[in-house]
Amino acid sequence: MANPWLSVSLEDYEGHMNSAEVQQLGALSDLFAEALASRCPESVAVLGIAGGNGLARIDAGVTKRVVGLDVNPLYLNIVRERYSRLLGLELYCADLAEIVVHLPPVQLVHAALVFEHAGVGRCLENALSLVAPGGALSAIVQLPSGTEEPVGPSRFPSIQNLRSHFSLIDRTRLCNTLEERRFRPTYQAHRPLPAGKGLWMGIFAQA
Ligand SMILES: C[S@@+](CC[C@H](N)C(=O)[O-])C[C@H]1O[C@@H](n2cnc3c(N)ncnc32)[C@H](O)[C@@H]1O
């Protein structure tokens, strides 16, 4: 079965994420900025980069290499256009749940709301393998709402295609897995969202 993200336009995705009922784009961008400020990485990889949300927060004086990966090639074309002036930008189309990524590692791997869609099997292995020695992984996961479905109602019907491919991530289990892989937590942050949802970010440094 084709990845459902291939049937969602970036316009619909960003319209949904920016809507009053969802309000996730700004929160995700702020958390990415926090991760950058916490690690000051010379290189960063963004898994599931979508339209490049948050790339404007990169300080080009600090971060010289920016790797973006996504399963949707049309999203990457738009990132290429939007951030044509961002030095050191490398974009790769890849299904992170399926293929083994072979790229030079980076100091910070940022995985925001991607494990929910791509799972924590191959995708997490790819994330960890991209972390350079002494580097870190920042992971953002969606916290459950007591009242609303994880993929909430939307004015953008194509978003509902994603429902069957979305699973909330158990952050305790994620932390335990990372600890077993010798990644220790150094920072965490939480952002409340509408409908009782929330975003949680953990930064895990390679021990
Ligand atoms: C919720 S969005 C990510 C939000 C973005 N990281 C941010 O901070 O705004 C999920 C992204 O992951 C991508 N994606 C989903 N499954 C994927 C997979 N198996 N491999 C690569 N990218 C995937 C989607 O195309 C989409 O761009």
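A residue counts as near a molecule when one of its heavy atoms lies within 4 Å of that molecule. By this criterion, 19 residues surround the ligand in this predicted model, the closest being Gly48, Asn53, Asp70, Asp95 and Leu96. The ligand sits in the largest pocket, with more than half of its atoms within 2 Å of the grid points of the pocket.

Residue numbers start from 1 along each chain as its sequence is written, and side-chain values use heavy atoms, with hydrogens and water left out. As the model is predicted, local features need pLDDT of at least 70 and side-chain atom pairs count only at pLDDT 80 or more, while totals for chains, interfaces and linings use all residues.

- The shell around the ligand comprises 13 nonpolar, four polar and two charged residues (Ala, Val, Leu, Ile, Met, Phe, Trp, Tyr, Cys and Pro are nonpolar; Asp, Glu, Lys and Arg are charged; the others, Gly among them, are polar).
- A nitrogen atom of the ligand lies 3.0 Å from a backbone N or O atom of glycine 48, and for valine 71 the corresponding distance to a ligand nitrogen atom is 3.2 Å.
- A polar backbone atom of alanine 94 is 3.5 Å from a nitrogen atom of the ligand.
- On its own the ligand has 600 Å² of accessible area, of which the protein covers 98% (Shrake-Rupley method, 1.4 Å probe).

**Largest pocket**
- The volume of the largest pocket is about 740 Å³.
- A pocket is an open set of points on a 1 Å grid over the protein atoms alone, where a 1.4 Å probe fits, with protein on both sides within 12 Å along at least five of seven lines; the volume is the space filled by probe spheres set on the points.
- The lining consists of 45 residues, with Trp5, Tyr13, Leu113, Val114 and His117 nearest the pocket centre (lining residues have an atom within 4 Å of a point).
- By class, the lining residues are 29 nonpolar, 10 polar and six charged.
- Elements that each supply at least two lining residues include helix H1 (10-18), helix H2 (25-39) and strand S1 (43-47) (DSSP runs: helices H or I, at least four residues; strands E, at least two).
- H1 provides the largest share of the lining, three residues.

**Backbone features**
- Cysteine 40, in the loop between H2 and S1, has a positive phi of about 45° although it is not a glycine.
- Arginine 182 follows H6 and has a positive phi near 65°; its place is in the loop between H6 and strand S6 (183-192).
- Most residues other than glycine have a negative phi.

Technical notes: A polar contact is a pair of N or O atoms within 3.5 Å; within protein, one must be able to donate a hydrogen and the other to accept it, and residues adjacent in sequence count only if both atoms are side-chain atoms.
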